[in-house]
Amino acid sequence: MIGSLVATAFWAMLPAYVPNNAAVLAGGGRPIDGGREWRGTRVLGDGKTWRGTAVGTLVGVVLALALNALNDPASAALGVDLPTFALPAAIALAFGAMCGDIGASFLKRRSGRERGAAFPGLDQLDFVVGALALAFVVDPDWALDVFTLPVLAVVLAMTPVLHVVTNVGAYALGLKNEPW
């Protein structure tokens, strides 16, 4: 039971887990805020770019489509009925994850935190909130079918751990300037 919940939660969230990492690798380009300030600080900062948002969203959607292609053998190997991704849900998960991260940057700037500064809790769950919120708005039937309360509980428990592990790994590999 727990194993199937973890497998389902991880599989269902992969299109939301990957976009921000892809955005970092694609990095650079024009900042979304265009360099504008609000109340003396940047609205978002240089780390949130149009290119990163587009690439991150595209990578998340392509990943969801690839997972659809791998669904039957993966489900059989794991002994779990893994979800497939309707295209609107795939787009919502990937773009929602990017929007959640962008929203967190806005909150960080308003609280006086610089780019890359830690914001415990928000850093680990911003993209999850954005992805799930948009998925429930865009494709509510799919989201309600996939993200049952037990699956949501696993997502909320698993994501902070995965976030810390992947960020520390990226920092160790020199892909990030800070380990959070």
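Biologist: Which residues in α7 meet L5, V6, T8, A9, F10, M13 and Y17 in α1?

Modeller: This is a predicted model: local features need pLDDT of at least 70, side-chain atom pairs count only at pLDDT 80 or more, and totals for chains, interfaces and linings use all residues. Residues are numbered from 1 along each chain as its sequence is written, and side-chain values use heavy atoms, without hydrogens and water. With contact meaning heavy atoms within 4.5 Å, the α7 residues that meet those of α1 are P150, V151, V154, V155, M158, T159 and L162.

Biologist: How many nonpolar residues has the contact of α1 with α7?

Modeller: Ala, Val, Leu, Ile, Met, Phe, Trp, Tyr, Cys and Pro count as nonpolar, Asp, Glu, Lys and Arg as charged, and the others, Gly among them, as polar. The contact of α1 with α7 has no charged residues and two polar ones. Its nonpolar residues number 12.

Biologist: At what angle do the axes of α1 and α7 cross?

Modeller: Helix α1 covers residues 2-17 and helix α7 residues 149-172 (DSSP runs of H or I, at least four residues, numbered from the N terminus). Their axes come within 9 Å. The crossing is at roughly 65 degrees.

Biologist: How is α2 set against α3?

Modeller: The axes of α2 (residues 19-26) and α3 (residues 50-78) come within 7 Å and cross at roughly 135 degrees. That angle makes α2, relative to α3, oblique.

Biologist: Which residues in α2 meet α3?

Modeller: On the α3 side are R51, G52, V55, G56, T57, V59 and G60. By class, this contact has six nonpolar, four polar and one charged residues. The α2 residues are P19, A22, A23 and A26.

Terms used. Axes fitted to C-alpha atoms, helices over the stretch in contact; angles between N-to-C directions. Helix = DSSP H or I, 4+ residues; strand = E, 2+ residues; numbered from the N terminus. Parallel < 35°, antiparallel > 145°, perpendicular 65-115°, else oblique.
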